[in-house]
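Here are my notes for someone opening this structure for the first time. Keep the viewer open and follow the points in order.

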Amino acid sequence: MTNDVRVRFAPSPTGGLHLGGVRTVLFNYLFAKHTGGKFILRIEDTDRTRYVEGAEQYIYDCLAWCGLNPDESPLLGGEYAPYRQSERKDIYRQYAEQLIAQGNAYYAFDTSEELEQMRANLKSEQNPSPQYDHKTRMSMRNSLSLTNEEVEKLIESGAPYVVRIKMPENERVGFTDMIRGHIENETELVDDKVLLKADGMPTYHLAVVVDDYLMKITHAFRGEEWLPSAPVHILLWKYLGWEAEMPQWAHLPLILKPDGNGKLSKRDGQRLGFPVFAMSWTDPSTGETINGFKEEGFLPEAFVNILAMLGWKDDSEQEIFSMQELIDKFSIDRVHKGGAKFDYDKAKWFNQQHIQQKSNEDLLPLVKSFFEKEGVTPDDESLLQVISLIKERCQLLTDFWPQGHFFFKSPSDIDTDTIKAKWTDEKKTFFNDWMETFANITDWNSEQIEASFNETTAKHSLKKGEVMLPLRIMLVGGKYGPGVYDIAAHIGKEETKNRIISALQLIEE
RNA sequence: GCCGCGUUGGUCAAGGGGUUAAGACGCCUCCCUUUCACGGAGGAAUCACGGGUUCGAAUCCCGUACGUGGUACCA
């Protein structure tokens, strides 16, 4: 039996791809893969005033990084091409005309000034946002209020117009949401939405219905901000005669800001110090760059895992999932109804878990690129060892450098204050003596180093702890890092000696 | 204002009539580690509120409150 599940993600290319957007992609993708269906990427670029150079390519890049690759897209093509709405412009008009002919839509000639005027006139405390609806439409300039003659004349004269849906009065429109169950609205409460704009482009409302129909979309997932306009879409499916093929809807909960309430915005990320975009985005008009999860050191598999847990959970205690496990286990009826506050600390924990699960070899190229940004290009074998030594103390890929820089460069900042606080002449002679002792070590490894260190501390009647911390600081710069003998072993005998000597000089100053 | 949607610890959440209301993040205490981290053992919640229904409600119903989304020729 062939499976014909088809879902789509339909972003408008206007800027950085937000957490919530990626999660919508993810749920679409998981649903498609789980059911053996197809995941389609459609670009909704019907608003020419919001066109942003590079934003479309950026979306492809983000999806590729996340591993959420579509089966059909503007790039890939497919049976239902084109997948960019600006290239489908001519398709929409006939449906708008059909709706007018059926009496479900009408021409409206009002200028934006006239619309503003109407809103200003009707605005009151009781009605802060007057709508273009059944109550007001007859006092506006449209093919309902004007005579046929006037309408024809206006159109012939080239007067700009839009097409609006004529929302019925006293009707209830309902549908079953896969996440929320039955939802019903009063049609007269929603306004006569514009379907076709003056420039001939459709609005989202018309385009989404026409394209979902033409592209045979079976399930439509989108953010819950679309719930209030759902009745318009349902009505359109009905008026166009496609009701039997209408997709099943699912409105996903929002991702909320960590403090207070409200939708998470890119400003919250900047304010609180965490990324909200998948990858870094540079606004071409301002030149401003905002880092994404990738640049902040997240693994794509962790990023996907985080997003999946923000709004979905299976009935087990498992929290760390691979993409394949998510695909296997995902079910739309376990998606939550309520929004979730984004918790950056937990996000980092997810990343840490994924780092620990990855092999050193897999981590190598990733870590290397962050080292290269710091101007250090270690050889693979050496970096591999370092990765295995420090990986368990890294939450982010960006932590590898601060946790591991001293393996490749002698530390520029040495916390001499801590050493000086308990410094004695005995310790000084200990270090001088130890350097002479370890000069004789032929097999420079961590066991030998430790043995020689122990021997020398015993000789000087010092407790290991008294000199281990100073040694660590001499080699590393501060009170952190993996086992101190491992560090000495890795940087080599000469370098160990050099660092001790230069640190001793600093202490004496 | 109106309409829709939502509400289990600080956060993510399991649980959908009878449970000591799981687990995770974060926080605190302790152990391990003569750094840090990892790991381990503990500590902290009457499920927004008020009414029902029921022998029994976090779980079902109705209100209220709060939050949030929409109310554009933006998506």
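**The largest pocket and beyond**

1. Start with the largest pocket: its lining divides into 18 nonpolar, twelve polar and 13 charged residues. Here Ala, Val, Leu, Ile, Met, Phe, Trp, Tyr, Cys and Pro count as nonpolar, Asp, Glu, Lys and Arg as charged, and the others, Gly among them, as polar. The volume of this pocket is about 1,200 Å³. Of the 43 residues that line it, A10, P11, S12, T14 and E225 are the closest to its centre. Two or more lining residues come from each of β1 (6-9), α1 (19-35), α6 (204-214) and β8 (219-223), and α1 gives the largest share, four residues. Helices (H or I, at least four residues) and strands (E, at least two) are DSSP runs, numbered from the N terminus.

2. A word on what you are looking at. This is a predicted model, in which local features need pLDDT of at least 70 and side-chain atom pairs count only at pLDDT 80 or more, while totals for chains, interfaces and linings use all residues. Residues are numbered from 1 along each chain as its sequence is written, chains are lettered from A and ligands numbered from 1 in the order in which they are written, and side-chain values use heavy atoms, with hydrogens and water left out.

3. How many cavities of 30 Å³ or more does a search of the whole structure find? It finds one, and the space in the largest cavity is about 30 Å³. K266, W281, D283, E288 and I290 line it; by class, that is two nonpolar, no polar and three charged. On a 1 Å grid over the protein atoms alone, a cavity is a set of points where a 1.4 Å probe fits but cannot get out, while a pocket is an open set with protein on both sides within 12 Å along at least five of seven lines; lining residues have an atom within 4 Å of a point. Grid points are joined across faces, edges and corners, and a volume is the space filled by probe spheres set on the points.

4. Two of those lining residues, K266 and I290, turn up again beside F277. F277 sits in the loop between α8 (266-272) and β11 (281-282). Leaving aside residues up to four places away in sequence, F277 touches G16, L17, H18, Y58, K266, I290, G292 and F293 (contact means heavy atoms within 4.5 Å). Is F277 buried or exposed? Its relative accessible area is 6%, so F277 counts as buried; buried means under 20%, exposed over 50%, partly exposed in between (1.4 Å probe, protein chains only). The C-alpha atoms of F277 and F293 are 6.4 Å apart, although 16 residues separate the two along the chain.

5. Of the atoms of RNA strand B that come within 4 Å of the protein, sugar and phosphate account for 66%. Among the elements supplying at least two residues each are α4 (112-122) and α11 (344-357), and α18 gives the most, with five.

6. The side chain of R50 has an N or O atom 2.9 Å from a sugar or linking oxygen, and a polar side-chain atom of E319 lies 2.7 Å from a sugar or linking oxygen. For W349, a side-chain N or O atom is 3.3 Å from a phosphate oxygen.

7. Look at helix α7 too. Nine of the ten residues of α7 (residues 230-239) are buried, so the helix is largely enclosed by the rest of the structure. G241, with a positive phi near 80°, follows α7.

8. Finally, some backbone details to check. Most residues other than glycine have a negative phi, and most peptide bonds are trans. The A81 to P82 bond is cis, with omega near 0°, and P82 is in the loop between α2 and α3. N170 has a positive phi near 50° and is exposed at 64% relative accessibility.

Notes:
A residue is near a molecule or strand if one of its heavy atoms lies within 4 Å of it. A polar contact is a pair of N or O atoms within 3.5 Å; within protein, one must be able to donate a hydrogen and the other to accept it, and residues adjacent in sequence count only if both atoms are side-chain atoms.
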